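Here is a brief tour of one protein model. Keep the sequence and the 3D view at hand while reading.

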Amino acid sequence: MDLQKLTRPNVWQLKPYFCARNEFQGEASVYLDANESPYGAPYNRYPDPLQLQVKKRIGEVKNVSPDSIFLGNGSDEPIDLLYRAFCEPKEDNVVAIEPTYGMYRVCADINNVEYRTVALDENFQLSAAKLLSACDAHTKLVWLCSPNNPSGNRLDEKEILDVIKGFDGLVILDEAYIDFSSEVHFLPLLHNYPNLVILQTFSKAWASAAIRLGMAFASPEIVGILTKIKYPYNINILTQQHVLSVLENHEQVRQRVADILVQRDWLHKNLLKLSFVEKIYPSDANFLLVKVTDANTIYRTLIEKGIVVRNRSSVALCNNCLRITVGTPEENAILYQKLATCFEFLKK
């Protein structure tokens with residue numbers, strides 16, 4: 001892969017903004033470089049622009065070199081930066097599976113980049129051949145999400161590998177829900193494929209959606225390009241402090257994931273008892289995609305009762321489908337009770 005050819009020329013030639021904190025590592029006794037107030041420590045100081053301590057700890061947990069880690073304001077920041085770094089507006093295009101996470105398309109529209117879709121089959125599985133046939137000389141990025149959103153299933157490993165091996169641009173594999181899957185993830189294979197970018201997040205299994213921290217794992221060269229065009233202090237000090245604390249609680253995270261998987265099975269089994277539930281798709285995530293007889297009516301009524309699920313009926317292949325996140329045992333019981341008592345008139 002010729003990364004220079006893949007990168008937008010203006011980005012490749014860009015001289016990024018540097019501050020003294022980029023050049024200095026460690027703790028100084030006196031900071032007089034950034035025109036900060038000397039009062040109000042520790043929040044008077046700008047945060048580490050390279051998040052070195054956080055990346056070092058993530059690298060230890062994920063078994064990845066810190067120079068292969070980019071941290072963003074949620075996963076949405078690296079998604080947007082990938083467009084800005086590699087896609088020339090009105091000229092280049094990207095290819096994505098359909099249905100999938102909606103921000104891939106939104107960022108394409110924001111950056112004025114053509115967004116091409118390739119439909120998954122009726123089991124929400126990918127055909128590498130069909131996806132690659134949609135690519136041309138101006139296709140810079142391919143978007144895959146596994147486990148996928150909103151379907152919840154893992155994409156076939158062989159098909160993913162065929163896409164990575166068969167495409168000359170970057171393949172972005174979004175593994176936001178990977179912690180809930182029993183299947184192997186792709187992070188250990190990162191060094192084998194220089195065109196692979198893997199996205200993960202602290203918003204799901206790590207129970208930290210509010211801090212907005214997403215991870216992109218890629219070659220140091222790709223990470224360097226994203227770092228060059230990000231805003232200097234994109235990850236605030238509160239987020240960096242919180243995630244360092246969260247990373248020390250491995251066992252708690254594992255136990256919470258195990259609890260969610262038990263509840264996922266409970267929801268699956270009990271929702272199938274309801275007469276208006278037609279199908280529940282297999283899930284490797286922390287949610288279920290549930291096909292019902294009248295999604296719009298059920299969704300509106302649940303909203304009126306203070307229960308919020310996601311109506312995915314307008315999404316390809318998801319007609320009359322609700323996406324239901326697995327909650328606590330108490331939340332799941334309330335949902336089931338409301339469904340069982342309010343909607344039995346909706347027969348199959």
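At 78% relative accessibility, N35 counts as exposed. Here buried means under 20% relative accessible area, exposed means over 50%, and partly exposed lies in between (1.4 Å probe, protein chains only). The model is predicted, so local features need pLDDT of at least 70 and side-chain atom pairs count only at pLDDT 80 or more, while totals for chains, interfaces and linings use all residues. Residues are numbered from 1 along each chain as its sequence is written, and side-chain values use heavy atoms, with hydrogens and water left out.

N35 sits in the loop between α3 (20-23) and α4 (52-62). Helices (H or I, at least four residues) and strands (E, at least two) are DSSP runs, numbered from the N terminus. N35 is not a glycine, yet its phi is positive, about 55 degrees.

N320 also has a positive phi, near 60 degrees, in a residue other than glycine. Its loop runs between β10 (310-311) and β11 (321-325). Is N320 buried or exposed? N320 is buried, with a relative accessible area of 19%.

## The open sheet

Strands of a sheet pair through backbone hydrogen bonds, either parallel or antiparallel. In this model an open sheet of seven strands has the order β1-β7-β6-β5-β4-β2-β3. Its pairing is mixed. Two strands pair if DSSP finds at least two bridges between them. β1 and β3 (114-119) stand at the edges, and each has a single partner strand, so one side of each lacks a neighbour in the sheet. From one strand to the next, the twist averages 25 degrees.

The table lists two pairings of strand β2 (residues 93-98).

| Pair | Sense | Bridges | One bridge |
|---|---|---|---|
| β2 and β4 (residues 139-145) | parallel | four bridges | N93 with T139 |
| β2 and β3 | parallel | six bridges | E98 with A119 |

How many residues of β2 are buried? Six of the six are, so β2 is largely enclosed by the rest of the structure. Both faces are covered. N93, V95 and I97 are buried on one side, and V94, A96 and E98 on the other.

## Two cis bonds

Two prolines follow cis peptide bonds. The bond from S146 to P147 is cis, with omega near -5 degrees. The bond from N149 to P150 is cis too, with omega near 20 degrees. P147 is in the loop between β4 and α8. P150 lies in the loop between β4 and α8 as well.

## Nonpolar cores

A nonpolar core is a set of buried Ala, Val, Leu, Ile, Met, Phe, Trp, Tyr and Cys residues joined through side-chain atoms within 4.5 Å. The largest core has 54 residues. Which of them touch the most other members? They are I58, L126, L131, V142, L144 and F217. Helix α8 (residues 157-166) supplies the largest share of this core, four residues.

Take L144 from that group. Contact means heavy atoms within 4.5 Å. Leaving aside neighbours within four places in sequence, L144 is in contact with I97, Y104, L126, L131, L155, I160, V163, V171, I172, L173 and D174. A second, separate core has 32 residues, including V11, Y83, C87 and C145.

## Helices and their partners

Two packed helices are described by the angle between their axes and the distance between the axes. Helix α11 (residues 250-271) and helix α13 (residues 329-342) have axes that come within 11 Å and cross at roughly 10 degrees. That makes α11 roughly parallel to α13 (angles under 35 degrees). Axes are lines fitted to C-alpha atoms, for helices over the stretch in contact, and angles run from 0 to 180 degrees between N-to-C directions.

On the α11 side the contact holds Q263, W266, L267, N270 and L271. They meet P329, N332, A333, L335, Y336 and L339 in α13.

Helix α9 (residues 220-229) has I222, V223, I225, L226, K228 and I229 buried. Against what do these residues pack? Their partners are α1 (3-6), α2 (9-12), β1 (69-73), α5 (76-86), β5 (170-174) and β6 (196-201).

Q240 belongs to helix α10 (residues 237-246). Q240 is buried, with a relative accessible area of 10%. Not counting residues up to four places away in sequence, Q240 touches P47, D48, Q51, V54 and I235.

Note on methods
Parallel < 35°, antiparallel > 145°, perpendicular 65-115°, else oblique.
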